[in-house]
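Colleague: I have a model open and would like to walk through it with you. Can we start with the overall picture and then go into details?

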Amino acid sequence: MLSTAEIGIDLGTANILIYSKTKGIVLNEPSVVAIDLNTKNVVAVGAEAKEMVGKTPQNIVPIRPLKDGVIADYDVTAQMLKEFLKKVSKKIGLSMRKPTVVVCTPSGSTTVERRAIHNAVSSYGAKHVHLIEEPVASAIGADLPVDEPVANVTVDIGGGTTEVGIISFGGVVSCNSIRTGGDTMDEEIVNFIRKKYNILIGERTAENIKMGVGHADENHVEESMDVRGRDMVSGLPQTVTVSSKEVYTALKESLDQILETIRSTLENCPPELSGDIVDRGIVLTGGGALLNGLKDWLSEELFVPVHLAPNPLESVAIGTGRSLKMISKLQKAAK
């Protein structure tokens, strides 16, 4: 009966996830494409392309075609989607001819940016393309009762953006989106180590430092980690030991921006729903939600309970796929 597939796509800055109605999450790969500049052909996509970052000859360039949650390079994004959808059709053994697709978009994206996402997916031959706002998708994926008249607050900390949304009765009551996320934190770590130690490290090393000894709370048990990079004076490889307190200093500005965004979203909340938030709290989704101590730190700063979604990394993709059932209710069908 399933001649056409129904799939949800989380078009993330750091990772692309594809959810199939029948099989759940069928693809979770980095949004990176390696392109041969001489032939303009795609050499690799996803995890294979991410392995190449910073390690390729001059004619092969790994590109991240999505910046701050929106399409920065339209042609490369369309090629990447085609490659991923080919992989998925092999994996789930479904005919991917004319699939019905739901894609999530950042709540702050413009009409032009939404149209670019719509067209990139349509170019693969999708029968229907629906766009859904990211806060709604993350709330559905975190098992929150979005279609009930109660406040559901989600904070989705992705690679390129942080989305804060208050959802009630199937729609967004108040939302804010800032272009600060996991990538910004990685950049801050790169800059901090360059300034303090005169050592240049790559994005992947910065991400490993953040995941290893990054903390959101200043009062944590100090840890340290050996970091390898290139000495900017001698040009030779060098190893330094970085402490978690130093990493906290590097991350502090990004974390304060996220906190400020949550505060301003809550300030715009109708009083009736504010009562719900005190009882029900806030749910964190996205890869950034996994930063050590983030949940407790936010709870202390905001004086409301903060919970981690059951599966933070996959919440948006799961919600995007599940929203197929309620797309008419959510009234987010692309015009």
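Colleague: What share of the residues is buried?
Modeller: Buried residues make up 52% of the 335 residues in the protein. Keep in mind that this is a predicted model.

Colleague: And the overall dimensions, along the principal axes?
Modeller: The C-alpha trace spans about 65 × 55 × 30 Å along them. The radius of gyration is 20 Å, and a compact globule with 335 residues would have a value near 20 Å, so the two agree.

Colleague: How many helices and strands are there?
Modeller: The protein has 10 helices and 18 strands. Among contacts between residues at least 6 apart in sequence, 62% join residues at least 24 apart.

Colleague: Let's take the sheets. What is the strand order in the open sheet of five?
Modeller: The order is β3-β2-β1-β9-β10, and the pairing is mixed. The edges are β3 (24–30) and β10 (128–133), each of which pairs on one side only. Neighbouring strands in this sheet are turned by 20 degrees against each other on average, ignoring direction.

Colleague: How do β1 and β2 run, parallel or antiparallel?
Modeller: Antiparallel, with five bridges joining β1 (residues 6–11) to β2 (residues 15–20). Within that pair, Gly-8 has Tyr-19 of β2 as its bridge partner.

Colleague: Which strands does helix α3 lie across?
Modeller: Helix α3, residues 111–122, lies across β1, β9 (100–105) and β10, and runs at about 145 degrees to β10. Helix α4 (residues 134–141) also packs on the sheet, where it touches β9 and β10. The direction of α4 makes about 85 degrees with that of β10.

Colleague: What about the open sheet of three strands?
Modeller: That one has the order β5-β4-β6 with antiparallel pairing. Its edge strands are β5 (41–45) and β6 (60–63), each pairing on one side only. The twist averages 30 degrees from one strand to the next.

Colleague: How many bridges between β4 and β5?
Modeller: Four, in the antiparallel sense, with β4 covering residues 33–36. Val-33 stands opposite Val-45 in β5.

Colleague: Changing topic: which residues have the most contacts inside the largest nonpolar core?
Modeller: Ile-189, Ile-201, Ile-262, Leu-294 and Leu-298, in a core of 40 residues. Helix α7 supplies the largest share of this core, with eight residues. Apart from it lies another core, of 28 residues, including Ile-18, Ile-117, Val-121 and Ala-126.

Colleague: Thr-261, then: where does it lie, and is it buried or exposed?
Modeller: Thr-261 lies in α7. Its relative accessibility is 7%, so it counts as buried. Not counting residues up to four places away in sequence, Thr-261 touches Val-164, Asn-176 and Ile-178.

Colleague: Where does Val-164 sit?
Modeller: In strand β12, residues 162–168. Val-164 is buried, with a relative accessible area of 0%. Beyond residues up to four places away in sequence, Val-164 touches Thr-154, Val-155, Ser-174, Cys-175, Asn-176, Thr-261, Ile-262 and Thr-265.

Colleague: What separates the C-alpha atoms of Val-164 and Asn-176?
Modeller: They are separated by 5.3 Å, with the two residues 12 apart along the chain.

Colleague: There is another threonine, Thr-184. Which helix is that in?
Modeller: Thr-184 is found in α5. With 18% relative accessibility, Thr-184 counts as buried, because the cut-off is under 20%. Leaving aside neighbours within four places in sequence, Thr-184 is in contact with Gly-159, Arg-179 and Ser-254.

Colleague: Last one, α6. Which of its residues are buried?
Modeller: In α6 (residues 203–213) they are Ala-206, Ile-209, Lys-210 and Val-213. They sit on the same side of α6, because they cover an arc of only 110 degrees around the axis.

Colleague: And what covers them?
Modeller: The cover for the buried residues of α6 includes α5 (182–197), β15 (224–231) and α7 (244–267).

Conventions
Residues are numbered from 1 along each chain as its sequence is written. This is a predicted model: local features need pLDDT of at least 70, side-chain atom pairs count only at pLDDT 80 or more; totals for chains, interfaces and linings use all residues. Side-chain values use heavy atoms; hydrogens and water are left out. Buried means under 20% relative accessible area, exposed over 50%, partly exposed in between (1.4 Å probe, protein chains only). Helices (H or I, at least four residues) and strands (E, at least two) are DSSP runs, numbered from the N terminus. The arc is that of the directions from the helix axis to the C-beta atoms. Contact means heavy atoms within 4.5 Å. Two strands pair if DSSP finds at least two bridges between them. Axes are lines fitted to C-alpha atoms, for helices over the stretch in contact, and angles run from 0 to 180 degrees between N-to-C directions. A nonpolar core is a set of buried Ala, Val, Leu, Ile, Met, Phe, Trp, Tyr and Cys residues joined through side-chain atoms within 4.5 Å. The radius of gyration is taken over C-alpha atoms; the globule rule is 2.2 Å times the number of residues to the power 0.38.
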